Amino acid sequence: MKAVRIYEYGGPEVLKYESVSKPEAIEKEVLIRVMATSVNHLEVKITSGVKRNQMPVHFPWIPGFDLAGVIESIGSSVENFPFQVGDKVYAKTTGGTYAEYIAVDPQWIARQPEQLIFTDAASIPHVGLTAWQALYTHGQLQPGQKVLIHGGAGGVGEFAIQFAKITGATVYTTASAKDSYFVGSLGADTMIDYKSVDFTTQVKDLDLVLDLVGGDTLDKSYGVIRPGGTLVTTAGTIDQKKAREHQIHATGMVVQPDGKALGQITEWIEAGKVKYDVAEIYPLAEVISAWNTFLHKSAEARKFSHGKVVLEV
C-alpha cells in the first residue's frame, strides 16, 4: 500500500510518500481502508520534534490521527461489534492514518454521519473529541453554566462552541475581529477580540475555561473562574499552586480515542446541530503541499484559522 512516513524529525520536507507493507487485523483489531484523513497541529508538532519528550515516536513513523473509511476485515476475536465489512466509519486513532490501510481498536470506531462524504467526515474526529473530552470528561460542563473558550475560531474551538451551546451553556470566546461572524454563527453569545481587548476585563466568575492557546492566555485565565470552577488546557502546563490560590480545579489534557463519544457527535451532526468546516483538500501524495498550506494558514491567523486541511487517500 501507499503511505506517508518520516525517518527523522523536521518540517514538511521529511514527509515521504512511499510503498509500505499492508497491515493485517490481528484477532482483536479491525482493518480499515482509509479514504480520507486530515492535518492536525498534533502530528505537525510530533513530526517537528517539539513533543519528542512527551510523545516520542519510533522511526519510520506514519503520521495522522483522523480517518474516514470502509471496514475491510474484522479480527476473529472482536466481540459485540456493531459494524460489518463494507460499512462506512470514522475514528480518531493514536497515529498511522496517512496510509491506505490501518488496523485499529474496534472501540475507537463510530458510524460515519450518513450525509457526509469521506473528506468531510475525516475533518472531525480528532478536534471533535478534543472538544468533547475537554468540556465533558474534564470540564464536567452542565446546562446553565458560563464557559469561556479561548481560540474559538480554531478546529477544536468551533466544535467546543457548538457542543457547549447544545448543552445549554452561556458561551464566551476569544477570537480575532475577522472571525466574529464565524464564531457567532456557531452560537457564541459573546466574542472578545483578543487583539484589542483584555479578556479579563470582560468576564468573571466563570464555571469553566477551555484554554486552547497557552502562554499568557492560560496564565491570566485562573483569575476569571469562580471558586470551585474548572480550567482545562490543551496548550500549556497547569500551575497547581496558582489553581489552589484561586480555589479552582485545573487540568491539562491530551485527547484519547473514543468511539462512543464520537457516536454521540455523529447523532448531533445528523440532527443538524453541529457544523463542520473543510477549507482545502489534497491527495495524500501531495502531503507536503497540504502541510505547507496548513502552516501558512496557521501563521496568518496566529494558529487559529478555521477550516480543516484534508488529505484524500
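# Close-up views of a predicted model

**View 1. Strand 8 beside strand 9.** Here we look at one pairing within the sheet. Strand 8 covers residues 146-150 and strand 9 covers residues 170-175. The two run parallel and are joined by five bridges. To find your place, look for valine 147: its bridge partner in strand 9 is valine 171.

**View 2. From strand 9 over a helix to strand 10.** Strand 9 also pairs with strand 10, again in parallel, through four bridges. A handy landmark is threonine 173, which stands opposite methionine 191 in strand 10. Between these two strands the chain passes through helix 5 (residues 180-186), and this β-α-β crossover is right-handed.

**View 3. Strand 4 and its antiparallel partners.** Now we turn to strand 4, which spans residues 66-74. Strand 3 (30-38) is joined to strand 4 by six bridges, and the two run antiparallel. In this pair, leucine 31 stands opposite serine 73 in strand 4. Strand 4 also pairs with strand 5 (residues 88-92), in the antiparallel sense and over five bridges. Look there for alanine 68, which stands opposite tyrosine 90 in strand 5.

**View 4. A salt bridge between lysine 22 and glutamate 72.** The structure holds 10 salt bridges, and one of them joins the side chains of lysine 22 and glutamate 72, at 3.9 Å from N to O. This pair links distant parts of the chain, with the two residues 50 residues apart. Lysine 22 sits in the loop between strand 2 (16-19) and strand 3, while glutamate 72 belongs to strand 4.

**View 5. The cavity and the residues around it.** How many cavities of 30 Å³ or more does a search of the whole structure find? The search finds one, and the volume of the largest cavity is about 30 Å³. Its lining is made of Ser123, Val127, Gly155, Glu158, Phe159, Tyr276, Asp277 and Lys308. Helix 4 (residues 155-167) gives the largest share of this lining, three residues. By type, the lining residues divide into three nonpolar, two polar and three charged.

View 6. Follow the backbone from phenylalanine 59 to proline 60, and you meet a cis peptide bond with omega near -5°. Proline 60 lies in the loop between helix 1 (41-48) and strand 4.

**View 7. A positive phi at glutamine 140.** Our last stop is another loop residue. Glutamine 140 is not a glycine, yet its phi is positive, at about 50°. You can find glutamine 140 in the loop between helix 3 (125-138) and strand 8.

Key. Residues numbered from 1 in each chain as written. Predicted model: local features only at pLDDT ≥ 70, side-chain atom pairs only at ≥ 80, totals over all residues. Heavy atoms only, no water. Pairing = 2+ DSSP bridges. Right-handed = clockwise from strand over helix to strand, strands pointing away. 1 Å grid on protein atoms, 1.4 Å probe; cavity = no way out; pocket = protein on both sides within 12 Å on 5 of 7 lines; lining within 4 Å. Points joined across faces, edges and corners; volume = space filled by probe spheres on them. Nonpolar A, V, L, I, M, F, W, Y, C, P; charged D, E, K, R; others polar. Salt bridge = Lys/Arg side-chain N within 4 Å of Asp/Glu carboxyl O.
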